Amino acid sequence: MKILLPPSETKAVGGEQPSLAEAPINDSLQQAREIIIESLIQLCSDPELAEKALKLGPKQLDDIQRNLELINSPTMPAINRYTGVLYDALKANGAVKGKDIYIQSALFGLIPATTPIPYYRFSWDSKLPGINLKQHWKQAHQDFFEPSEQVLDMRSKSYQELAPIDSSNSWVVEVFVEYANGERKPLNHFNKKAKGVFARFAETEGLKGIDQVEQLALKAGQRAEIADGVVTLVVPEGY
């Protein structure tokens, strides 16, 4: 079962693996990916324009130069590149390799979590001259999913729109917190932690299909409810 995750704005710098110039990502998205990368590098040749298009703050301006160098900069597996709440929870015990996890990047498309990538700054709401990012990636991913394969979609809505799934074998994941009085509310910032924890258990326990989700959720300290193409993960207050 494929597990789809969003990327993270926060990333580790550096890397010990070959650059994209030496070892490009050769897959069905390569051509679409190269168009985005070339356009981003061209954008960053004008720092003032890039600052606005990438919505950078004063402390993020160094990322413009990093984008200019992304083809020749060292890489590391995407699962190690991304940091933050979700990825910290995912990698908490150091056992996750990411073999069944795919990450939706606005720059690289949907890639296996083991794919080596460089540091970069580019998000779903970044603007590239002459390119509609949503349409570009939607078209590129048209044949990405096999109708028979099961998919657990933990991406945020904005990243789901870059590669929509039209299949009865896919389930979108939502997270709610349940209080002691029984009241239930959507979990905001820390829904990332809940997703990261579940994804960690899903891989280390070997999630094969939707019929295992409820049991795995219990192991992760959660409760799963499955209905109408949605998996609702319910976590206790203070999770």
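What follows is a short exchange about a helix pair and a pocket in this predicted model.

Me: Why is helix 1 called roughly antiparallel to helix 6?

Reply: Helix 1 (residues 30–44) and helix 6 (residues 133–140) pack at an angle of about 160 degrees. Angles over 145 degrees count as roughly antiparallel, so helix 1 is roughly antiparallel to helix 6. Their axes are 9 Å apart, and the crossing is left-handed.

Me: Which residues of helix 1 and helix 6 meet?

Reply: From helix 1 there are Ala32, Arg33, Ile35 and Ile36, and they meet Leu133, His136, Trp137 and Ala140 of helix 6.

Me: What lines the largest pocket?

Reply: The lining has 29 residues, and Pro6, Ser156, Asn191, Lys192 and Lys195 lie nearest the centre of the pocket. By class, the lining has 13 nonpolar, ten polar and six charged residues. The space in this pocket is about 570 Å³.

Me: Which element gives the most to the lining of the largest pocket?

Reply: Strand 7 does, with five residues. Helix 5 (85–90), helix 7 (157–160) and helix 8 (191–204) are among the elements that each supply at least two.

Conventions: Residues numbered from 1 in each chain as written. Predicted model: local features only at pLDDT ≥ 70, side-chain atom pairs only at ≥ 80, totals over all residues. Heavy atoms only, no water. 1 Å grid on protein atoms, 1.4 Å probe; cavity = no way out; pocket = protein on both sides within 12 Å on 5 of 7 lines; lining within 4 Å. Points joined across faces, edges and corners; volume = space filled by probe spheres on them. Helix = DSSP H or I, 4+ residues; strand = E, 2+ residues; numbered from the N terminus. Nonpolar A, V, L, I, M, F, W, Y, C, P; charged D, E, K, R; others polar. Axes fitted to C-alpha atoms, helices over the stretch in contact; angles between N-to-C directions. Parallel < 35°, antiparallel > 145°, perpendicular 65-115°, else oblique. Left-handed = near helix turned anticlockwise from the far one by under 90°. Contact = heavy atoms within 4.5 Å.
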